[in-house]
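Thank you for making time for this.

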Amino acid sequence: MTNGPILQVEDLTVHFPLKANPIQALGQGILRQLKRSDPADLDDRIQHPRVHAVDAISFEVGRGEILGLVGESGCGKTTTGRVVLRLIEPTDGKIVFEGKDITHLKENQLRPLRPRMQIVFQDPHGALNPGMTIGQAIMDAFVVHGTADEAEAKDATLRVMDEVGLTPANDLFSKYPADLSGGQKQRAVLARAIILRPSLIVADEPVAMLDMSIRARILELLLALRNRYGLAYLFITHDLATAKFVCDRIAIMYLGRIVETGPTDLIFRDPKHPYTRALLSAIPVPEPGRVRERTLPRGEVPDAIFPPAGCRFHPRCPVALPTCGWEGRDFVDFLEQRRLDPAHAAPDESALGDLEDWRVAKFEARRRVREGDPAAVVGYVRSMLPQATESLANAVVGVDVDRDQVVVRFREPDPLAPKLVEGRIVECLLY
Amino acid sequence: MTDTILEARDLTVYYRTKKGPVHAVDGVDFDLRLGETLGVVGETGCGKSTLGKTILGILPPDSLRSGSLRLRGRELLKVGPSEYRKLRGSELAVIFQDPMTRLDPLMTIRDHFVETIRVHEPNVSKAEATERAAEALRSMGIPQSRLDNYPHEFSGGMRQRIMIAMAIVLKPKLLVADEPTTALDVIVEAQILDILRDLKRAYSMSLLLITHNLGIVAEVCDRAAVMYAGKFAELGSVQDVFRRPIHPYTQGLLASTIHLQTKELRSIDGLPPSLLEPPSGCRFHPRCPYAKEICIREEPPMVEYRPGHFAACHFGRDFL
């Protein structure tokens with residue numbers, strides 16, 4: 001036991017490689033030949049496609065602390081929860097649990113630590129074996145890890161059932177999951193986690209599947225258990241309101257990165273990252289007639305296989321700067337958006353051709369001009385740029401003719417690093 | 001009333017099961033006005049989705065329906081399956097929670113639209129159908145160039161916008177949306193809710209929005225119906241229902257909803273009842289902190305405590 005944090009994570013990265021089958025890979029190779037694109041031109045993201053689930057994140061969870069990991073689906077929060085328990089393999093970075101580096105421990109070395117690191121999933125029904133009684137399920141965890149005999153194990157089980165409110169414990173001990181309500185099942189899952197006296201519980205959306213009228217009781221139980229045992233939680237949720245209520249500190253995740261971390265009250269009172277602001281303004285509030293001003297980010301979370309360059313939020317950010325990472329495909333997105341407007345659709349199509357004809361590679365977008373004058377296309381692109389988002393337009397460093405091609409080039413983004421801003425850590429060029 | 005588009009009187013739906021009838025909707029009364037959005041809110045198993053399915057005529061064949069449900073004066077409970085097919089699309093349309101299960105993975109978006117339009121208007125040419133599809137898609141922020149894409153090529157939010165475009169392409173009078181944003185992330189959810197709000201303005205359409213999320217009802221709806229164990233517990237303007245709720249269940253539900261202003265965690269004791277054997281009297285009595293003897297014995301009628309604000313509670317007057 002140490003007095004340091006329970007969990008320390010440094011530059012943790014998890015990438016999932018995409019496995020292309022050999023025929024597909026061959027096909028792609030032939031296509032590349034046909035299109036005669038130079039592999040050197042191609043983005044590394046395209047040459048080695050992989051899902052950037054978690055990308056170089058760092059955080060700490062203190063003893064008895066509740067850290068909320070908040071973000072939308074696909075942001076990497078669940079992957080983070082699993083990788084810190086070594087349920088999936090990290091690609092890079094370091095995980096320190098109770099002062100011990102566990103990043104590369106083998107499963108048999110991890111096993112003695114497992115009782116101290118537990119996980120609770122969203123779906124309590126799926127987490128319980130339908131053929132096992134509640135008592136067996138809870139006791140089983142004890143038997144697997146403990147050395148207690150049957151009678152001791154049963155005693156401990158009944159005690160822990162009492163603690164989580166599964167009462168009368170004696171009756172419920174021999175019930176099957178199907179006989180329990182959703183809230184009771186989640187209590188059973190919690191009982192199974194805490195019977196081993198862990199120091200850390202990763203709670204992955206523990207109340208998302210429960211009805212509103214009973215959610216509060218499970219959250220109260222989580223808080224009570226923390227107070228009693230000094231448990232630390234990594235509390236994973238998409239629901240900012242719940243996070244606000246239970247967490248001491250919050251880390252906001254977007255597309256594999258932590259964009260803002262800080263004490264809960266600070267983040268809710270005065271969010272700094274534009275994404276945090278967007279998330280907060282989007283939550284529906286049960287107060288009719290409340291006038292709210294909000295600028296919703298347009299579009300949706302991009303594909304984690306090709307995360308945007310620079311700040312990953314830049315294509316949707318309402319306050320993006322020219323230095324935030326604008327790149328070739330942002331230009332093609334801009335062209336696509338313009339075609340929603342019937343006034344632009346026809347002239348754009350005749351001047352710039354099919355969107356599919358544009359090739360993008362990192363900080364440029366280019367298109368071969370088969371007939372007509374490339375210089376005329378350049379002129380057209382230059383004339384339409386002022387109608388794009390100002391920061392995108394200002395990030396363009398050149399619209400030129402290159403042999404028979406038109407090339408739109410963007411500046412490279414300024415380096416992005418987490419910064420300490422008024423008591424919290426923010427990763428944004430605004431600060 | 002001429003501006004009532006949908007009128008339910010003592011609407012009751014039972015499902016037959018091996019264990020006996022399930023009282024999913026039990027004697028529900030309401031009117032939906034032209035251009036109005038009514039939110040039906042409740043927890044899992046309260047019967048809100050059954051209510052939606054009843055309106056759309058897509059209940060399992062052996063379910064029992066009684067009472068009356070009129071769409072622009074026409075008794076829906078007497079409409080046969082083939083008639084109903086004609087109503088769906090032109091008179092009433094639906095948006096479900098998961099658009100992926102409603103779109104055919106082997107059909108392009110163009111094909112979906114052409115089929116939808118031509119089922120109802122067989123004389124429309126393919127070109128005209130495409131033109132209308134493109135317009136509906138554009139109004140949802142999806143460029144025409146994507147007409148020939150397949151459903152899997154779109155993101156979740158885009159699929160839901162395609163579903164909405166398909167639902168409105170025939171300009172129906174009534175749109176039923178069953179948890180339309182539950183599968184979406186909060187920012188995309190807000191985008192879709194903005195779209196739904198604009199829709200009723202642009203198309204003077206009535207919207208029945210079924211959800212478990214009180215925040216959505218407060219933001220999008222004109223009136224709210226709170227459903228509990230197959231019955232309406234309370235019905236009124238969102239202002240009344242949210243700011244001065246009468247029914248103890250509504251009060252409890254509002255108090256237990258965790259939102260950004262929540263200061264204290266609250267919950268409602270007990271669990272929602274089984275609809276196989278609903279409690280006697282007021283169905284909420286086993287969980288109600290104010291329950292008295294009469295609540296166990298007698299079912300409370302829907303009473304208009306304020307103009308347009310109804311609640312089914314024996315002691316409603318105490319909560320005014």
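Let me begin with a term: two strands are said to pair if DSSP finds at least two bridges between them. With that in mind, and remembering that what is on the screen is a predicted model, consider β4(B), residues 64-71, which pairs with β5(B) in the antiparallel sense over two bridges. One of the residues to look for here is Leu71(B), whose bridge partner in β5(B) is Arg74(B).

Those strands belong to an open sheet of four strands in chain B, with the order β2-β1-β4-β5 and antiparallel pairing. Its edge strands are β2(B), residues 20-33, and β5(B), residues 74-75, each of which pairs on one side only. Lying across β1(B), β2(B) and β4(B) is helix α1(B), residues 48-56, and this helix runs at about 70 degrees to β2(B).

Now to the domains. Chain B is divided into domain 1, made up of 4-91 + 172-319, and domain 2, which covers 98-171, and the C-alpha centres of these two domains lie 30 Å apart. Where they touch, 13 residues of domain 1 of chain B are in contact with 14 residues of domain 2 of chain B. On the domain 1 side, the elements that give two or more residues are α2(B), residues 81-90, and α6(B), residues 186-203, and of these α6(B) gives the most, with six residues.

Finally, the contact between chains. Two packed helices are described by the angle between their axes and the distance between the axes. For helix α10(A), residues 212-229, and helix α9(B), residues 248-256, the axes come within 8 Å and cross at roughly 45 degrees, which makes α10(A) oblique to α9(B). The crossing of α10(A) and α9(B) is left-handed. On the chain A side the contact is made by Met212(A), Ser213(A) and Ala216(A), and on the chain B side by Gly252(B), Leu253(B) and Ser256(B). Taken together, the residues of this contact between α10(A) and α9(B) divide into three nonpolar, three polar and no charged.

Note on methods:
Residues are numbered from 1 along each chain as its sequence is written. Chains are lettered from A and ligands numbered from 1 in the order in which they are written. This is a predicted model: local features need pLDDT of at least 70, side-chain atom pairs count only at pLDDT 80 or more; totals for chains, interfaces and linings use all residues. Domain bounds come from an automatic or database domain assignment. Two residues are in contact if their C-beta atoms, placed from the backbone, lie within 7 Å. Axes are lines fitted to C-alpha atoms, for helices over the stretch in contact, and angles run from 0 to 180 degrees between N-to-C directions. Angles under 35 degrees count as roughly parallel, over 145 as roughly antiparallel, 65 to 115 as roughly perpendicular and the rest as oblique. A crossing is left-handed if the near helix is turned anticlockwise from the far one by less than a right angle, and right-handed if clockwise. Ala, Val, Leu, Ile, Met, Phe, Trp, Tyr, Cys and Pro count as nonpolar, Asp, Glu, Lys and Arg as charged, and the others, Gly among them, as polar.
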